[in-house]
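Student: I have not seen this structure before. Please take me through it in questions and answers.

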Amino acid sequence: MRSTRAWVALLAVATAGMASVSLARADEAQAKSLLKGMSDYLVAQKAISFEYDSNLEIVTTQQQKIGLASSGTLTLERPDKLHATRIGGFANVEMVFDGKTLSLLGKNANLYAQVEAPGTIDQLVDVLRDKYHRPVPAADLLMSDPYKELMPLVTDVKDLGSGVIRGTECDHLAFWTKEVDWQIWIAQGARP
């Protein structure tokens with residue numbers, strides 16, 4: 001009788017473990033599907049304009065985490081027009097790209113710069129990152145295929161459920177890579 005109970009308990013634990021693995025895979029697949037749907041929606045838009053709030057977390061050499069908050073606006077016309085502003089986080093910056101030239105105005109520092117950067121928005125992001133060592137936070141979302149840009153190094157994915165951002169019901173997803181953890185909130189409905 002004892003051995004039968006032990007086998008039943010072992011079978012119940014094994015079944016529960018398999019169910020949680022199966023559920024985790026379903027959550028991961030659902031999260032990836034939501035991100036892919038958002039990416040496909042963004043790619044289909046020839047013009048995008050929005051306001052944003054961001055928090056950039058940096059880690060000091062003393063391992064202290066500091067959050068830099070900022071807000072701004074962005075207007076994009078595919079494939080090669082971009083206008084962005086950012087205020088906060090130690091900056092008041094305006095950036096304009098016309099497919100040929102990138103212009104930057106540091107309003108708080110009273111600085112202005114222009115560089116030749118012919119090409120698309122994708123090429124501009126690459127030039128800023130590779131040539132000038134100035135990666136643009138969240139630029140992956142502006143690229144011609146955000147999903148392809150975001151997913152290659154992802155090692156783990158979680159669907160964290162729903163949340164509300166500025167009155168809009170969103171899916172809250174978390175992604176991990178070897179070096180970066182990131183989260184995204186995707187509006188539910190026809191306009192992700």
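Tutor: One definition comes before the rest: a residue is buried when its relative accessible area is under 20%, exposed when over 50%, and partly exposed in between. Keep in mind that this is a predicted model.

Student: Does Glu-28 count as buried, partly exposed or exposed?

Tutor: Glu-28 lies in helix 1. Its relative accessibility is 26%. Buried needs a value under 20% and exposed one over 50%, so Glu-28 counts as partly exposed.

Student: How far apart in space are Glu-28 and Lys-158?

Tutor: In sequence, Glu-28 and Lys-158 are 130 residues apart. In space, taken from C-alpha to C-alpha, the distance between Glu-28 and Lys-158 is 5.8 Å.

Student: In what order do the elements of the protein chain run?

Tutor: The protein chain has 3 helices and 9 strands. Read from the N terminus on, its elements run α-β-β-β-β-β-β-α-α-β-β-β.

Student: Which element gives the most to the largest nonpolar core?

Tutor: The largest nonpolar core has 30 residues, and those with the most contacts inside it are Leu-35, Leu-82, Phe-175 and Ile-184. Elements that give two or more residues to this core include strand 2 (65-77), strand 3 (81-88), helix 2 (121-130) and helix 1 (2-44). With 5 residues, the element that gives the most to this core is helix 1.

Student: Which residues does Leu-82 touch, leaving out those up to four places away in sequence?

Tutor: Leu-82 is among the residues with the most contacts inside the largest nonpolar core. With residues up to four places away in sequence not counted, Leu-82 touches Leu-74, Thr-75, Leu-76, Met-95, Val-96, Phe-97, Leu-124 and Leu-142.

Student: Against which strands do the buried residues of helix 2 pack?

Tutor: The buried residues of helix 2 are Ile-121, Asp-122, Leu-124, Val-125 and Leu-128. They cover an arc of only 160° around the axis, so they are on the same side of helix 2. The buried residues of helix 2 pack against strand 2, strand 3, strand 4 and strand 5.

Student: What accessible area do Leu-56, Ile-58 and Ile-66 have together?

Tutor: Leu-56 is in strand 1, which spans residues 47-59. Leu-56 counts as partly exposed because its relative accessibility is 41%. Leu-56, Ile-58 and Ile-66 form a nonpolar patch on the surface, and their accessible area together is about 220 Å².

Student: What share of the residues in the protein chain is buried?

Tutor: The protein chain exposes about 13,000 Å², and carbon and sulfur atoms supply 58% of that area. The chain has 192 residues, and the share made up by buried residues is 26%.

Technical notes:
Residues are numbered from 1 along each chain as its sequence is written. This is a predicted model: local features need pLDDT of at least 70, side-chain atom pairs count only at pLDDT 80 or more; totals for chains, interfaces and linings use all residues. Side-chain values use heavy atoms; hydrogens and water are left out. Patches are made of residues with over 30% relative accessible area and no salt bridge: like charges are joined within 9 Å, nonpolar side chains (Val, Leu, Ile, Met, Phe, Trp, Tyr) within 5 Å. Accessible areas come from the Shrake-Rupley method with a 1.4 Å probe; for residues, only the protein chains shown count as cover. A salt bridge is a side-chain nitrogen of Lys or Arg within 4 Å of a carboxyl oxygen of Asp or Glu. Helices (H or I, at least four residues) and strands (E, at least two) are DSSP runs, numbered from the N terminus. Buried means under 20% relative accessible area, exposed over 50%, partly exposed in between (1.4 Å probe, protein chains only). A nonpolar core is a set of buried Ala, Val, Leu, Ile, Met, Phe, Trp, Tyr and Cys residues joined through side-chain atoms within 4.5 Å. Contact means heavy atoms within 4.5 Å. The arc is that of the directions from the helix axis to the C-beta atoms.
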